[in-house]
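Here is a short briefing on one protein model and its ligand. Keep the structure open as you read.

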Amino acid sequence: MSQLLHNPQYRKLALLAFVLVLGIGSAFISVQAQVLPYQDPALPIEARIEDLLARMTLEEKAGQMIQAERAASTAGEVKKYYLGSLLSGGGSAPHPNTPAGWCDMIDYFQKGAMATRLQIPLIYGIDAVHGHNNAKGAIMFPHNIGLGATGDFDLIRRIGAVTAKEVRATGIPWTFAPCIAVVHNPTWGRTYESPGEETDLVTKVSVAFTQGFQGEAIADLSRNDKIAACLKHYIGDGATDYGVNAGDANFTEEWMREVLLPPYIEGIKAGAQTVMISFNTINGLECHANGHIINDILKEELKFDGFVVTDWDGINDNGGSYRDCVKSAVNAGIDMIMVPNRWLECLKNIIDLTKKGEIAPERIDDAVRRILRVKFRLGLFERPYADRSLNDSFGSAEHRTVAREAVRKSLVLLKNDKKILPLPKTGKKIFVAGKNANDIGNQCGGWTIAWQGQSGNITPGVSILEGIKNTVAPGTVVNYDVGGKGAKGHDVAIVVIGETPYAESKGDDQLLDLDVEDRYALNNVKKSGVPTIVIIVSGRPLIVTDEIKNWRAVVAAWLPGTEGQGVADVIFGDYDFSGKLPITWPSTIKSPKEKPLFPFGFGLGYGVTK
Ligand code: GLC
């Protein structure tokens, strides 16, 4: 070796090699050290968008417009096709379904995005519609119909903030909520996702949730405990004929502007970053192909500057070939396509349609500009990965307290003959019956752990029966029989009836009758002659006109979620009823609004008996 060093030729080569390595190394360091304008958080977001957009190829732009289901994609595909977004559909959870499991999954996909040439982070979306309801152990709040009954918009803001924390704790920066449907027919399977039938009420809920999820100012969005909201479903989801989900809605633009649009106008003013298009048609035209409501009204007139996302494969019914569907959707103003499985075909169509001039490049740029704007606002370029410091807040006692308050305030007292309520905590033998008395899954309803929800102990929580047992004085007898057998000899019977979980079209029901199981339990209790209190756990009013005369008291509990303790808090008098009907309670299904059993806004209290 030493002879080499004395060789002048070798020394020259060695020197050259050293200089070369040094040069490449410093060049590399300078490139690495050189932050491109779009990567500089000190620059205004609009400048960062324009710098990045100018660097993007058509393939990279089209990729941003695709939202695939996480179960139908890999990190490698996210990288290869520059995908802009992934989602978890209802129940699409990692194993283990824990905050760490969620964070690991999200970060796995995010690494694919961050391995692309321009390192544009993914935005991951999920239906956190009554808490982080896909995540086991999360707080499941009352569904929106119950929150509408509270009329407490500060509470709803706090629920949004708690939900945002729990969603971010799992690495997710975007929820497909709130649903701000103005429901017109309780036969609709998504009635419980609506805050109610009255425009002003729904509008206030829209603003409260947007502020809770996102914060009061756009700058708050980049906080590690805030998430992007999604106003949905635009527009007319709760106004279809006969309440058929995803059906035909027929109304004038004047009526739409008076009744359905205000929740969007005020939600956008509150800063909502995304809007989801609805499955229904308006006067025969698919919302996903309706340029007038999207381009003209939402973007031009309302100056909405976030992005518009479709519903699940929502473009498929736009008409013609699938290529035609993609074309009509993008040209109508849709920016991101939720295309869970056939996303590669959709992506290729966007690219081909643009190359052939059937989608203008300016339209693609508008879509991508909007998507990037939300990602920059969320701080995803600076912090693309999960912030695991929030894990401790997930499912915390503090969060459960907010949910218990919401349950209390959502309860509506419909009848209280001879003031049988509040019940004393001692001195009475209490009999409890009904399929919904001791079933966390039933009291949570749809969109809970699974898309359709599920009966049984599907996630940690307190059932209504457990809440009763927690509340009565030690030694007070509380007996339970789901079928109502054995009531005789008790001082009072509490029968908890209602619906079992459902979601979307599976919940469409043109009868709204009590089911056989409830009738069986009610009958058995009736035969005992024991004074009866009925608690209805359901996503909407049920037809009880013939039965209610047999009941001393009736409470509408809606779908209270995991904190069933809130029911006992009120029926034993620790708190008064304050809930008011957010929706007319019909006497017959044929005429929901005429001669109602109880009108919109009705609700008794311990001091209010009429
Ligand atoms: C569903 C629902 C929508 C939800 C989306 C993603 O079909 O209509 O509310 O956000 O798909 O799960």
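The points below cover the ligand site, then some backbone features.

This is a predicted model.

**Ligand site**
- His233 places a polar side-chain atom 2.7 Å from an oxygen atom of the ligand.
- For Lys232, a polar side-chain atom lies 2.8 Å from a ligand oxygen atom.
- Glu504 also has a polar side-chain atom by a ligand oxygen atom, at 3.2 Å.

**Cis peptide bonds**
- His95 and Pro96 are joined by a cis peptide bond, with omega about 0°.
- Pro96 sits in the loop between β2 (85-88) and α6 (99-114).
- The peptide bond from Leu421 to Pro422 is cis too, with omega near 0°.
- Pro422 belongs to the loop between β12 (412-416) and β13 (430-433).

- Lys303 is not a glycine, yet its phi is positive, at about 55°.
- Lys303 lies in the loop between α12 (291-301) and β10 (307-309).
- Exposed means over 50% relative accessible area, so Lys303, at 62%, counts as exposed.
- Lys595 is not a glycine either, and has a positive phi of about 40°.
- Lys595 is found in the segment after α20 (565-571).
- With a relative accessible area of 71%, Lys595 is exposed.

Note on methods:
Residues are numbered from 1 along each chain as its sequence is written. This is a predicted model: local features need pLDDT of at least 70, side-chain atom pairs count only at pLDDT 80 or more; totals for chains, interfaces and linings use all residues. Side-chain values use heavy atoms; hydrogens and water are left out. A polar contact is a pair of N or O atoms within 3.5 Å; within protein, one must be able to donate a hydrogen and the other to accept it, and residues adjacent in sequence count only if both atoms are side-chain atoms. Helices (H or I, at least four residues) and strands (E, at least two) are DSSP runs, numbered from the N terminus. Buried means under 20% relative accessible area, exposed over 50%, partly exposed in between (1.4 Å probe, protein chains only).
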